[in-house]
Amino acid sequence: MSKPCIFCEIVAGRMDADVIHRDDQVVAFHDIHPQAPTHVLIIPRRHIESMVDIQPDDAFLIGHMHLTAKKLAHELGIADTGYRSIFNCGRDAGQTVWHIHLHLMGGRSMGWPPWPGN
Ligand code: 5GP
Ligand code: ZN
């Protein structure tokens with residue numbers, strides 16, 4: 001049997017996570033290996049493997065994920081200093097969990113372009 005998707009397990013409440021937001025579309029929780037003082041993942045309740053798989057019908061969901069990032073940025077105190085919201089899509093972008101997730105990162109200045117270390 002294939003391994004269950006860890007992010008589906010978090011949505012279902014079968015796996016622990018430091019959840020800070022839930023609604024009918026998305027769940028948001030702190031990243032287990034934060035790469036910035038604030039590092040949150042916003043994921044859809046529905047399993048979608050990668051951003052390369054999204055369809056026109058997913059437009060509302062993707063917009064809602066970004067609006068959730070903005071809301072959480074305000075709540076977490078990084079809206080004024082700035083933040084990055086990132087989808088890693090596929091191998092070359094470094095995607096390691098195959099359930100789409102929007103990284104919300106802030107609390108430090110970040111370099112550009114995002115070579116290793118940035
Ligand atoms: P990716 O590299 O796929 O864009 O990002 C996956 C992210 O998920 C990484 O930042 C990683 O630290 C985080 N992550 C992986 N497994 C878990 C987990 O079980 N719990 C939490 N909270 N974060 C996880
Ligand atoms: Zn999943």
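So, let's start with Ile100. Setting aside residues up to four places away in sequence, Ile100 touches Ile42, Ile43, Pro44, Ile48, Glu49, Ser50, Met51, Ile54, Ile62 and Met65. Touching, or contact, means heavy atoms within 4.5 Å.

Before I go on, some housekeeping. This is a predicted model, where local features need pLDDT of at least 70 and side-chain atom pairs count only at pLDDT 80 or more, while totals for chains, interfaces and linings use all residues. Residues are numbered from 1 along each chain as its sequence is written, chains are lettered from A and ligands numbered from 1 in the order in which they are written, and side-chain values use heavy atoms, with hydrogens and water left out.

Okay, back to Ile100. Ile100 is in the largest nonpolar core, which has 16 residues, and Val40, Ile42, Met65, Leu72, Ile100 and Leu104 touch the most other members. By nonpolar core I mean buried Ala, Val, Leu, Ile, Met, Phe, Trp, Tyr and Cys residues joined through side-chain atoms within 4.5 Å. Buried is under 20% relative accessible area, exposed is over 50%, and partly exposed is in between, with a 1.4 Å probe and protein chains only.

Where do the core residues come from? Strand 2 (26–30), strand 3 (38–44), helix 2 (59–76) and strand 5 (102–106) each supply at least two. Helix 2 gives the most, with six residues. Helices (H or I, at least four residues) and strands (E, at least two) are DSSP runs, numbered from the N terminus. Apart from this core lies another one, of eight residues, including Phe7, Ile10, Val27 and Phe29.

Now the ligand. Ligand 1 is surrounded by 16 residues, and the closest are Asp31, Asn88, Gly94, Thr96 and His103; the cut-off is a heavy atom within 4 Å. An N or O atom in the Asp31 side chain sits 2.5 Å from an oxygen atom of ligand 1. For Gly94, a backbone N or O atom is 2.9 Å from a ligand 1 oxygen atom. His101 has a polar side-chain atom 2.9 Å from an oxygen atom of ligand 1. On its own ligand 1 exposes 520 Å², and the protein buries 85% of that.

Next, is His103 buried or exposed? His103 is buried, at 11% relative accessible area. His103 belongs to strand 5. Leaving aside neighbours within four places in sequence, His103 has contacts including Asp31, His39, Arg84 and Asn88.

Last stop: the peptide bond from Trp112 to Pro113 is cis, with omega near 0°. Pro113 is in the segment after strand 5.

Notes: Polar contact = N/O pair within 3.5 Å; in protein donor to acceptor, adjacent residues only side chain to side chain. Areas by Shrake-Rupley, 256 points an atom, 1.4 Å probe, with all protein chains shown as cover.
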